[in-house]
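Dear colleague,

Please find the structure below, handed over for your records.

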Amino acid sequence: MSKEHFFFYGTLRPGQHNYFALLHDAKGVTHVGLGRTVERYTMLASGYPFVLRCPASTRIRGDVFAIRSREVVAAVDELEGHTGRARGYRREPVDIELDAGGRIVCWMYLYYGTPLAEEVPDGDWLALSAR
């Protein structure tokens with residue numbers, strides 16, 4: 001499998017519980033760096049974050065990973081409930097601006113539905129969870 005880039009904005013970010021469960025020490029997984037989405041989205045949180053396309057209110061903060069393992073991609077898809085259906089999380093390509101400079105296209109999990117959650121106005125779930 002060639003490498004695919006993923007942008008994680010919640011529990012798969014370094015230091016979070018799903019990072020340790022799926023990515024930490026996994027073969028074929030490399031942390032590329034921090035970044036923000038080029039486009040604006042809305043982030044909501046209720047124990048874990050949801051990112052929605054509309055309304056577009058802020059750029060989302062997260063971590064970029066290069067993943068070369070089909071098993072890891074399948075495990076992340078399963079965790080996120082990626083089904084490609086109209087409701088729930090769907091993996092979609094988005095443009096990410098890296099803190100170190102440059103842009104990269106990454107897979108990001110967007111939520112389609114109406115979660116009961118509060119808005120994260122600055123788009124950084126780790127900053128919210130640290131409060």
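Strand S3 (residues 42-45) pairs with S8 in the antiparallel sense over two bridges; strands are DSSP runs (E, at least two residues), numbered from the N terminus, and two of them pair if DSSP finds at least two bridges between them. Within this pairing, Ala45 stands opposite Glu118 in S8. Together with S4, these strands form an open antiparallel sheet in the order S4-S3-S8. Strand S4 (49-52) and strand S8 (118-119) are at the edges with a single partner strand each, so one side of each has no neighbour in the sheet.

Please note that this is a predicted model, in which local features need pLDDT of at least 70 and side-chain atom pairs count only at pLDDT 80 or more, while totals for chains, interfaces and linings use all residues. Residues are numbered from 1 along each chain as its sequence is written, and side-chain values use heavy atoms, with hydrogens and water left out.

Three bridges join strand S2 (residues 29-37) to S6 in an antiparallel arrangement, with Arg36 opposite Glu97 in S6. Ten bridges join S6 to strand S7 (residues 103-112), again antiparallel, and Glu92 has Met108 in S7 as its bridge partner. S6 and S7 form a hairpin with four residues between them, and Gly101 in the turn has a positive phi of about 110 degrees.

As to the aromatic residues, rings of Phe, Tyr and Trp (its six-membered ring) pair if their centres lie within 6.5 Å; planes under 30 degrees apart count as stacked, over 60 as edge-to-face and the rest as tilted. The count by this rule is nine aromatic pairs. The ring centres of Phe8 and Phe65 are 5.7 Å apart and their planes are at 45 degrees, so this pair is tilted. Phe8 lies in strand S1 (residues 4-8) and Phe65 in strand S5 (residues 61-67), so the pair ties together parts 57 residues apart in sequence. Both Phe8 and Phe65 are buried, that is, under 20% relative accessible area with a 1.4 Å probe and protein chains only (exposed is over 50%, partly exposed in between).

The rings of Phe50 and Tyr89 have centres 6.2 Å apart and planes at 5 degrees, so that pair is stacked. Phe50 is buried at a relative accessible area of 7%, and Tyr89 is buried at 9%.
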